[in-house]
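Good morning, and thank you for coming. Please take a moment with the sequence and the structure before we go through them together.

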Amino acid sequence: MVKSEILRQAKALYERDYLYRYQGMRLKFPWLIIMPCLPLFLYNILNAIGVFGEASTETPRAITISIGITFYTLFSESLVGFAGALERNKKYIIKTGIRFRSCFLSVLFSVYSNFVIRYVVLIVILSFYDGYISSSLLIGVLYSIVPVAIGASFGLSLSIFSVFYRDIDNIVQTMAFYLLFASGVFMTIKGGSALEVVVANLPSYIAVVNGRALVLSSGTFDGLITASWFVGCILLLLVASIALKNSKPLITSYM
């Protein structure tokens, strides 16, 4: 009964925040497809006019950027969505007693809805090039769990503090935007300077670069560091869940 109630509440939040957010507009349903794909369209246009320079590999930059953005937005949307889930729904938590888990589950529904749309567009983009449609695309779908787990683990941890310090939500959104340029979407790290080593070990960079290596079946897939971050973030998710459960009376009373 509890699980069904959580799913019912999550579905209601998902419909309100995602499916019906463009209600009243003439293009209410097309916007659901257009908006998630805007980053793909924008950065491919910038690439087409030469903003990012020539590709350093045989793989067209339109492909590497599209795959990179697809996996990076999984990470960033999970991070931002989970971090602000409680603060964004605090009125419903207070008035209707909606469960915390429902708030986070609705975010997960939205994140994967956007991912499905982007992934279909990505497949369409790949279809214009020879040799890039393969079974590795199915592996990419399974791999999507990695960037989501990484983003959600940090977001869930920050969601506790965002209730007390609302500035955190703006900070997280800003970080998610600028991390894009240090995520391997536009180029990979090849040097060994201290800064490059730090960037190459960022979870966002690892999620993007290794995801692209899987989908393209080229490059080096670092399974050890990917598994390490994934397991570490799963543990962080568990710790954050316990902390959230124990602090729920304090959070609700502060709201």
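Leaving aside neighbours within four places in sequence, which residues is Val-185 in contact with? They are Thr-64, Ile-65, Gly-68, Ile-69, Tyr-72, Leu-180, Val-208 and Arg-212, where contact means heavy atoms within 4.5 Å.

A word on the source. This is a predicted model, in which local features need pLDDT of at least 70 and side-chain atom pairs count only at pLDDT 80 or more, while totals for chains, interfaces and linings use all residues. Residues are numbered from 1 along each chain as its sequence is written, and side-chain values use heavy atoms, with hydrogens and water left out.

Val-185 also belongs to the largest nonpolar core, which has 62 residues. Such a core is a set of buried Ala, Val, Leu, Ile, Met, Phe, Trp, Tyr and Cys residues joined through side-chain atoms within 4.5 Å; buried means under 20% relative accessible area, with a 1.4 Å probe and protein chains only. Tyr-72, Phe-104, Val-185 and Leu-244 touch the most other members. Helix H6 gives the most to this core, with twelve residues. Helices here are DSSP runs of H or I, at least four residues long, numbered from the N terminus.

Ser-102 also lies in H6, and it counts as buried because its relative accessibility is 0%. Beyond residues up to four places away in sequence, Ser-102 touches Glu-5, Ile-6, Gln-9, Ala-10 and Leu-13.

Let us turn to helix H3, residues 61-83, where Phe-75 is found. Phe-75 is buried, with a relative accessible area of 4%. Outside its sequence neighbours within four places, its contacts are Pro-147, Ile-150, Gly-151, Leu-179 and Ser-204. Phe-75 and Ser-144 are 69 residues apart in sequence, yet their C-alpha atoms are 9.0 Å apart in space.

Next comes helix H12. The buried residues of H12 are Thr-226, Cys-233, Leu-237, Ala-240 and Leu-244. What covers them includes helices H4, H6, H7, H8, H11 and H13.

How are the lining residues of the largest pocket divided by type? There are 17 nonpolar, eight polar and five charged.

Thank you; I welcome your remarks.

Conventions
Buried < 20%, exposed > 50% of the residue type's maximum accessible area, 1.4 Å probe, protein only. Helix = DSSP H or I, 4+ residues; strand = E, 2+ residues; numbered from the N terminus. Nonpolar A, V, L, I, M, F, W, Y, C, P; charged D, E, K, R; others polar.
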